[in-house]
Amino acid sequence: MALDRRAYTAPVGFDVAAEAYDRFMGRYSRLLAPQLADLASVSTGQRVLDVGCGPGALTSELVARLGADAVAAVDPSPPFVAAIRARLPGVAVQEASASSLPFADGAFDAVLAQLVVHFMPDPEAGIAEMTRVCTSGGVVAACVWDIAGGRAPHSPFWQAVHDLFGDAEDESERPGARAGHLVSLFKAVGLSDVVERELVARREHASFEEWWEPYEEGVGPAGQYVAALSPDARGALRDRCRVLLPEPPFTISSVAWAARGRA
């Protein structure tokens with residue numbers, strides 16, 4: 001079965017509507033946000049930055065804990081920045097990349113990045129910037145799905161891709177997506193007291209269609225992979241995913257690797 005790779009060579013697919021991301025990955029990332037905030041010991045009186053905020057899963061959690069005026073956020077996607085401005089008035093959100101944060105040295109008590117490091121073109125540079133804008137003794141924390149371990153929400157999707165089409169760029173080699181790699185990155189930029197944790201997200205899906213349909217909206221590498229397929233190949237992939245998943249309703253249990261260090 002031939003694979004049309006035209007769309008899959010494009011950028012990773014986050015110049016999409018915020019609602020599309022919510023349906024695709026936000027349904028899981030919202031479950032990680034309180035856990036990452038707890039790992040970073042986010043508490044009243046702090047000023048905190050959300051790097052790669054997306055449409056606001058983690059940002060919303062930070063606002064609930066600290067208030068909007070104590071939270072800043074950045075993302076390179078204009079639709080996501082617009083979504084934060086509409087959804088969370090008062091948050092200081094800017095369009096920027098992790099490798100060039102528009103803040104002074106030591107501006108924040110904690111700097112967090114949820115499901116972002118594996119999309120940084122230069123993860124060491126991004127984490128170094130996060131460290132730069134964190135106050136001395138403050139916390140830098142990040143998490144990435146355990147894609148290499150097959151424990152991500154979209155692991156069944158990539159398993160189906162491999163079953164049908166063989167080798168594919170399935171995100172498993174991306175930075176932070178395997179045990180110990182976030183820790184190595186944190187130590188490489190000079191963070192101290194670095195620890196690693198597993199964060200668990202469990203979400204029930206009422207039907208196969210409810211799980212599958214967001215993959216057809218072009219979000220992220222998985223969505224772009226689907227968009228690149230011919231109709232017949234797309235149908236075969238959908239059918240293979242159906243075989244791999246339990247009968248509905250079913251629960252997707254996912255694990256993210258998280259790391260925390262001190263600036």
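Student: Hi! How do helix 5 and helix 8 pack, at what angle and how far apart are their axes?

Tutor: Hi! In this predicted model, helix 5 (residues 155-165) packs against helix 8 (residues 220-227) at an angle of about 40°. Their axes are 11 Å apart.

Student: Why give both an angle and a distance?

Tutor: Because two packed helices are described by the angle between their axes and the distance between the axes.

Student: Is the crossing of helix 5 and helix 8 left-handed or right-handed?

Tutor: The crossing is left-handed. On the helix 5 side, the contact is made by F157, W158, V161 and F165. Helix 8 brings P221, A222, Y225 and V226 to the contact.

Student: Okay, new topic. How much space lies in the largest pocket?

Tutor: The largest pocket holds about 630 Å³ of space. Its lining has 33 residues, and those nearest the centre are F14, D75, P76, V116 and F119.

Student: Which elements give two or more residues to the lining of that pocket?

Tutor: Those are helix 1 (18-39), strand 1 (48-51), helix 2 (57-66) and strand 2 (71-75). Sorted by class, the lining of the largest pocket has 19 nonpolar, 10 polar and four charged residues.

Student: And how many cavities of 30 Å³ or more are there?

Tutor: The count is one cavity, and about 120 Å³ of space lies in the largest cavity. Of the 14 residues lining that cavity, F14, M25, H118, F119 and E171 are closest to its centre.

Student: Which helices supply at least two residues of the lining of the largest cavity?

Tutor: Helix 1 and helix 8 each do. The lining of the largest cavity has 10 nonpolar, three polar and one charged residues.

Student: Last one: where does Q114 lie?

Tutor: Q114 lies in strand 4 (residues 108-114).

Student: Is Q114 buried or exposed?

Tutor: Q114 counts as buried, because its relative accessibility is 7% and the cut-off for buried is under 20%.

Student: Which residues does Q114 touch, not counting those up to four places away in sequence?

Tutor: Q114 touches S29, L32, A33, L36, V51, G52, A57, L58 and C143.

Terms used: Residues numbered from 1 in each chain as written. Predicted model: local features only at pLDDT ≥ 70, side-chain atom pairs only at ≥ 80, totals over all residues. Heavy atoms only, no water. Axes fitted to C-alpha atoms, helices over the stretch in contact; angles between N-to-C directions. Helix = DSSP H or I, 4+ residues; strand = E, 2+ residues; numbered from the N terminus. Left-handed = near helix turned anticlockwise from the far one by under 90°. Contact = heavy atoms within 4.5 Å. 1 Å grid on protein atoms, 1.4 Å probe; cavity = no way out; pocket = protein on both sides within 12 Å on 5 of 7 lines; lining within 4 Å. Points joined across faces, edges and corners; volume = space filled by probe spheres on them. Nonpolar A, V, L, I, M, F, W, Y, C, P; charged D, E, K, R; others polar. Buried < 20%, exposed > 50% of the residue type's maximum accessible area, 1.4 Å probe, protein only.
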